[in-house]
Structure formats: structure tokens, C-alpha cells
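Take a walk through this protein model, one stop at a time. Keep the sequence and the 3D view side by side.

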Amino acid sequence: MITKINIAKQDNFFKVEQKFFCSHKKQFVNELTKILLEIKQEPYVSDELNIANNFYDALFDYNTDCYEQQLYDLESLNKYGSKIEYIFANLTQHLIVDFIEYKKNITSRSIVTLVQLCANLQNKLAEILLDKQSSVFDIAPTLQKSKNVKFLHDIGRLKEKIKLIAHYEEQTCTQEIETVQIGKNSIVVKTNNEQINMLKENRNVYILVDRIEKKYFGAVAKILCEEDGTVILENINKLETRLLLNDRRYPRASIIDNSLIYISSDKEHITGNLIDISEGGIGVISPSKSHFEKGQDIVAFVSYEDQNSKLNLNFESSGILTSVIGKEHAFRYGIALELSDEKKELVRNLVDNINKNQKKHKDRDRNLED
């Protein structure tokens, strides 16, 4: 049944009228939040607002996948003697009236279409809530998936490690994740309490495919169910990770764990994580959008601990920003560093150790396959 809702949402009407559904969302969410609070007769808590937001997006946002949990969260209404289908009918009635005003044309065929679609969604919603079934892995098997969702799905099927990186202020948490469900534009993963708490403060995260040649993706995280640690990852975009420096003389290593980087100028500073390093420079990922520009002089503060080699790096270096790549929630900064000979030797030792360890793991995996 959840598949049928996702198919119904692919009606071109939702895409064409996306502007209206965005404009009406606030009214719908406020009404549903008020209903939830009145029925429960409890002080205001953010959960009701989140439930209402997720419910609206799940049913009316063309680009948002609909997962069972977004609908099951409303089941509590039945416990207080309210019928969800009647509440939904009342909310959609207001939506239709608002749409008529928006169109300024009562005879418009699009109004009839909206009424039919709302009735269809209402019937399917009632069926889902009355007959709660076990979750299906692929909620939209007949719909073409976005490129990056398909890639992560295929990686998961190959049993390769996928990690979620949450970064807030000066704290980073990297967790190997389990893919719970997959949609057309998003995936649902299970993570730990530490990351859930960080996501309440900052929804921007990274996805790391843990290969020798690491691949990074930026994403926006939305907590699906805090109780079981499930999170929806949306707006998934591949993040360029190649070190864009003119000087390619130095070998580099890809890393992520236990690093913290400050990038600072006279006017601002941001924090992030190291993703690669060489004697010539570093690559940094950060959820922070900045006013830094390519060619700008900056100062980098690097703090890194390698648990395998027991080698720690803590240094400050001036540098030049060689690249800024990214989208709304994921940014990759390339920095050419000006290191002393002593610091270059420390970085060189670190790179050698990391690359040797990675080669050992690669050779071991190859032997296991043989």
C-alpha cells in the first residue's frame, strides 16, 4: 500500500502545482499541529510540529518519498477517540478551498483533479493505518530512482561499508550505518543516539562509502523515528573529493576519522573534517557555507589522531584556498599549505602509514575473495 501512495504522488499535478503545495504547507501543518496538541491535552512539544511537517511532505511534496513511519506517527489520534480519516478529510477540504482561491477559477479542471487525488490519498491512508503491515525495503520499486540513491542502494547490496558523518560545532561522529528502506529520492538508515542528538542541532550530514578510493556525498537528514534511531537522508549529492592543487608532486592519503580542522581568515572561521592530506595541502569537508574565495589567504589549524600508527598531528599553517566546491549543505575546501620541513616530514610519515595500511587491507580482502 505504501508503494501505491508513492506512485499516486507521481501524478504530474503535484509537480505542476508544486508552488501551491509549498505555499499551503504552513496552514496545513499549523492546523494539524493544533489538532494533535488539543487531543493530547499536553504542553507544546516539537514532536507534534515534526509529525505534522513529515505527514504533509509525505503526502503532498512531489520530491519527498512517503515512508510508513511518517503516517504511523498519527496513529496516536485513534487512542484519543479521533478518526484520522475524518481529520484528514477536514484538512484537505481547507486545502481545496485554498486552492480554489489560489486559482481564482472555480470551474478549473485542476480543482477536480485535486479533489480526486485527495480522495485517493485518503482511501490509501485509511487502509494503511487500519491494516499496519511490516515495512517493505523498497517503497517505490516501480519508480526510477535518483542516480545517487541507486548507487548507495547497489553499494549496500554488495555489503560494502557505508558511514554517516554528523558534524556539529567542534564535534564529529562517524557511524557505520544500516540501510533500512529505500525510496525514489531518499534512503532510510539506522544510526546511534549520539548522531540523533547531533542531527537535532544540524541536519547537514555526509555519507562516506568506505572504499580505498573513498566517495563522499552531502545530504540533509530528517529524523524519522528517534525511538528506533531511523533517519531519512534526502537531497543526496556527490561531493567532489579530488585535491584540486596545481602541485601533484606529493603522494596523498584519504582519511576521515578523528580529525578537526579550523579554516580562518580575518573575517570568519569554519570547522570541518579532513578528507585527504599531502605535503602540498589538505582537502576539508564542512557543512558550513562561507564567504571564502579561491585564491584567498587563510590559516588552517589541523588536529588529527591516527589510531593505527599512533601518530598525532597538531599544527597551524598558513595557506591558500585552491578550491571551494559544494551545494547547500555540503562543501569541500581545497587548501595549499605552506609547511616547514619538519611539518612536511610529519605529514609524509602519516601519508606513508595510512597508504601502507590501506594496501594491507586491500590485499587481505583480495586474498579472502580468492
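Glu178 is partly exposed, with a relative accessible area of 46%. Glu178 sits in strand S3, which covers residues 178–182. Helices (H or I, at least four residues) and strands (E, at least two) are DSSP runs, numbered from the N terminus.

What does Glu178 touch, leaving aside its neighbours within four places in sequence? Its contacts are Val188, Val189 and Lys190. A contact means heavy atoms within 4.5 Å. Glu178 and Val189 are 11 residues apart along the chain, and their C-alpha atoms are separated by 5.5 Å.

A word on the basis of these values. This is a predicted model, where local features need pLDDT of at least 70 and side-chain atom pairs count only at pLDDT 80 or more, while totals for chains, interfaces and linings use all residues. Residues are numbered from 1 along each chain as its sequence is written, and side-chain values use heavy atoms, with hydrogens and water left out.

How confident is the predictor? pLDDT is its confidence in each residue, from 0 to 100. The protein chain averages 81, and 83% of the residues score at least 70. Over residues 243–247 the pLDDT is below 50, yet this stretch has 17 contacts in the model beyond near neighbours in sequence. Among the elements, strand S4 (residues 187–190) has the highest mean pLDDT, 93. Helix H6 (residues 76–79) has the lowest, 60.

Now move to helix H7, residues 84–103. The expected span of a helix is 1.5 Å times one less than its number of residues. H7 has 20 residues, so it should span 28 Å; its end C-alpha atoms are 28 Å apart, which agrees. Buried residues in H7 include Ile84, Phe88, Leu91, Leu95 and Phe99. Just after H7, Lys104 takes a positive phi of about 60°.

Another positive phi, about 50°, belongs to Asn235, although Asn235 is not a glycine. Asn235 is found in strand S7, residues 230–239. Its relative accessibility is 44%, so Asn235 counts as partly exposed.

Finally, step back to the whole chain. It has 11 helices and 14 strands. Of its 370 residues, 48% count as buried. Among contacts between residues at least 6 apart in sequence, 64% join residues at least 24 apart.

Notes: Buried means under 20% relative accessible area, exposed over 50%, partly exposed in between (1.4 Å probe, protein chains only). pLDDT is the predictor's confidence in each residue, from 0 to 100.
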